[in-house]
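Here is a short briefing on a structure. Look over the sequence and the coordinates first, then read the points below.

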Amino acid sequence: MNRESELLKKWTVDVSVSTNFNAVVWRRIEERRTISVAEAIRQWLTEVFARPAVAVAYLSVTLVAGLAVAQVQSSKVLRERDSQLEARYVQSVDPYAIRLTK
Amino acid sequence: MRKPIAIIITGLLLAAGAYAGLFLARTVPSQAEATSELLWLRKEFSLTDEEFARIRELHEGYLPDCAKMCARIAAANRGLQGLVLSTNEVTPEITKKLSEIGNIRQECQARMLKHFYAVSRAMPEEQGRRYLVEMQKLTSLSNMRDHAKTESAQPEHGHGM
């Protein structure tokens, strides 16, 4: 522990820092603080979709969602069509059917 | 920024394309399906080509008979309407017309039932039974069942008791 302390005491930073470093940092912080919602979303999307896995997952989800909605809605349309065809068949064989269904 | 927007738009197009493709593939009927009520029978009762051909033949044979019955029913109804409006009490002519209408209905239902039995015999046994159940439920034959319900709910309303 003493050895690390001694090393830390001896350590000096020899990198030169620009004179306006603080000003630049504060400006960036200020920019980030005053960012609009749209800009925040844009930045978030850029970061998220930069990852290929996320992009692939998004495309897969949209594909499956499209198929699922089509499956549900087409099933409903087919049920309605079946029921219309059923009514048409009944009306074609039963002279009293029209009066009953009206 | 262009890349995320392109991905989002691609996703939306993919969803729309998948939706349209599957929806149309499942729901666009063929020309024959769009025009024939008999195809409901074929689908509902899983008929083979041979069974379907036989049932189509029976159906086409029955239709002229059915049309004649329809014409008789319409004529009898018109006759009754004329008689009802010509008086303000039940005349022997009205009673006779009501009886005639009842007879036509009975004859019509008997012919229809005969057709249903013929169709059911052209189907596999189990499907034939299901067809008869469905037809009794869906056609004017169901009147009898409805009345039976009324009878059980209101015993004092029972006929012939």
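In which loop of chain B is Ser46(B) found? Ser46(B) sits in the loop between α3 and α4 of chain B. This is a predicted model, in which local features need pLDDT of at least 70, side-chain atom pairs count only at pLDDT 80 or more, and totals for chains, interfaces and linings use all residues. Residues are numbered from 1 along each chain as its sequence is written, while chains are lettered from A and ligands numbered from 1 in the order in which they are written.

**Confidence**

- The mean pLDDT (the predictor's confidence in each residue, from 0 to 100) of chain A is 85.
- In chain A, 94% of the residues reach 70 or more.
- Confidence in chain A is highest in α4(A), at a mean of 93, and lowest in α5(A), at 55.

**Where chain A touches chain B**

- In contact across the two chains are 32 residues of chain A and 33 residues of chain B. Contact requires C-beta atoms, placed from the backbone, within 7 Å.
- On the chain A side, α3 (37-49), α4 (52-93) and α5 (97-101) each supply at least two residues. Helices here are DSSP runs of H or I with at least four residues, strands are runs of E with at least two, and both are numbered from the N terminus.
- The most comes from α4(A), with 23 residues.
- By type, the chain A side divides into 20 nonpolar, seven polar and five charged residues. Nonpolar covers Ala, Val, Leu, Ile, Met, Phe, Trp, Tyr, Cys and Pro; charged covers Asp, Glu, Lys and Arg; the others, Gly among them, are polar.
- Trp40(B) lies in helix α3 (residues 38-44) of chain B. Leaving out residues up to four places away in sequence, Trp40(B) touches Asp82(A), Leu85(A), Glu86(A) and Tyr89(A).
- Trp40(B) counts as buried because it has 20 C-beta neighbours inside 10 Å. The scale is: buried at 20 or more other C-beta atoms within 10 Å, exposed at 12 or fewer, partly exposed in between, with C-beta atoms placed from the backbone.

**Chain B overall**

- Chain B has seven helices and zero strands.
- Of its 161 residues, 14% count as buried.
- Among contacts in chain B with a separation of 6 or more, 50% join residues 24 or more positions apart.

**The α5–α6 pair of chain B**

- Helix α5 (residues 92-121) and helix α6 (residues 125-138) of chain B have axes that come within 8 Å and cross at roughly 155°. Axes are lines fitted to C-alpha atoms, for helices over the stretch in contact, and angles run from 0 to 180 degrees between N-to-C directions.
- α5(B) and α6(B) are therefore roughly antiparallel to each other, a label for angles over 145 degrees.
- Phe116(B), Val119(B), Ser120(B) and Arg121(B) in α5(B) meet Gly128(B), Tyr131(B), Leu132(B) and Met135(B) in α6(B).
- The residues of this contact divide into five nonpolar, two polar and one charged.

**Exposed residues of chain B**

- Ser46(B) has a positive phi of about 45°, although it is not a glycine. Ser46(B) is exposed, because 10 other C-beta atoms lie within 10 Å.
- Glu50(B) lies in helix α4 (residues 49-85) of chain B. With 9 C-beta neighbours inside 10 Å, Glu50(B) counts as exposed.
- Glu50(B) and Met123(B) are 73 residues apart in sequence, yet 9.9 Å apart in space, C-alpha to C-alpha.

Conventions. Angles under 35 degrees count as roughly parallel, over 145 as roughly antiparallel, 65 to 115 as roughly perpendicular and the rest as oblique.
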